[in-house]
Amino acid sequence: EEYGPQPNIYTYNIIIKAFAVLGKLEEAMEVLNNIKRRGLSPDQFTFTTLLIATGRCGSSDKVESIMQMMKNFGVIPDSIAYGAAIDAHRRSGNSAKALECLHDMMKFKIEPMASHYNLVLRALRADGRVDKMYRMVLAISSKEDAKINSNTFELVIESLLLDGNWKQSLVLLQNMERLKLKPSLEVYVKLVEQLEKARQYKAVLALYRIMSRDGYDFYENSVLNDIFKRLVNVAAQGVKADLAVTKLSNDIASSNSSSIPLVTDVVASLYL
């Protein structure tokens with residue numbers, strides 16, 4: 001620094017990034033102090049990288065002070081900075097602070113994206129707050145322009161199914177269909193397993209038809225194929241005779257789009 005070319009903010013940002021990757025927050029903060037001593041102005045990249053370092057070191061104690069420091073330097077946190085802050089709280093196991101960051105984004109008119117929501121959902125899942133996850137996604141998905149994706153729903157559905165909450169899972173599946181989002185085969189498998197245990201045979205068969213519509217071949221999946229065989233046996237033994245498994249299996253093979261039920265019909269079948 002004394003004799004060679006003088007480092008600029010870009011040089012310092014590279015050094016901070018190197019420390020951030022290693023989760024060395026104290027060293028990264030010392031570089032920030034050097035920036036200030038030299039009269040340079042830290043920028044968006046500087047502070048966002050410091051937030052990443054905070055997450056990598058497993059402690060989010062300094063997130064709020066870094067965010068405040070940004071504002072003191074006239075740097076307005078953007079969606080990337082908020083994403084780094086939320087992830088830092090997630091990594092440190094603080095779902096309440098992750099939610100607070102999400103609310104701050106919206107308060108300052110920065111629209112959260114699926115990545116922000118999904119980070120918060122992962123933080124809530126780690127804290128065992130499944131009901132909060134469910135209510136949050138219900139509220140978000142009620143908006144037609146919701147910036148969410150299939151992963152947003154599946155994070156919640158998988159958590160609900162672990163607790164045996166298949167009815168709430170079906171409600172979210174219904175919202176996915178309304179938003180034209182396609183569930184993964186893995187989610188279908190877990191949901192079908194839960195419905196079979198609950199003896200919701202009509203709902204299982206209706207889901208098979210929906211899977212067929214979506215291009216999934218459940219015969220190729222050993223779990224789904226075994227469940228279908230068991231349903232055939234149930235029908236053969238006269239239990240729930242109105243299942244009409246043979247007819248429905250033929251429908252699955254040859255159905256057109258107009259005969260395939262919606263998830264709404266699956267939900268309705270639970271109360272027949």
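Is Lys109 buried or exposed, and what is its relative accessible area? Lys109 is exposed, at 77% relative accessible area, where exposed means over 50%, buried under 20% and partly exposed in between, for a 1.4 Å probe and protein chains only.

**Figure 1. Overview of the predicted chain.** This is a predicted model in which local features need pLDDT of at least 70 and side-chain atom pairs count only at pLDDT 80 or more, while totals for chains, interfaces and linings use all residues. Residues are numbered from 1 along each chain as its sequence is written, and side-chain values use heavy atoms, without hydrogens and water. The chain contains 15 helices and 0 strands; these are DSSP runs (helices H or I, at least four residues; strands E, at least two), numbered from the N terminus. Of its 272 residues, 47% are buried. The accessible surface is about 13900 Å², with 52% belonging to carbon and sulfur atoms (Shrake-Rupley method, 1.4 Å probe; for residues, only the protein chains shown count as cover). Among contacts (heavy atoms within 4.5 Å) between residues at least 6 apart in sequence, 65% join residues at least 24 apart.

**Figure 2. Lys109 in the loop between helices H6 and H7.** Helix H6 spans 95–107 and helix H7 spans 114–126. Lys109 is not a glycine, yet its phi is positive, about 65°. Most residues other than glycine have a negative phi.

**Figure 3. Arg199 in the loop between helices H11 and H12.**
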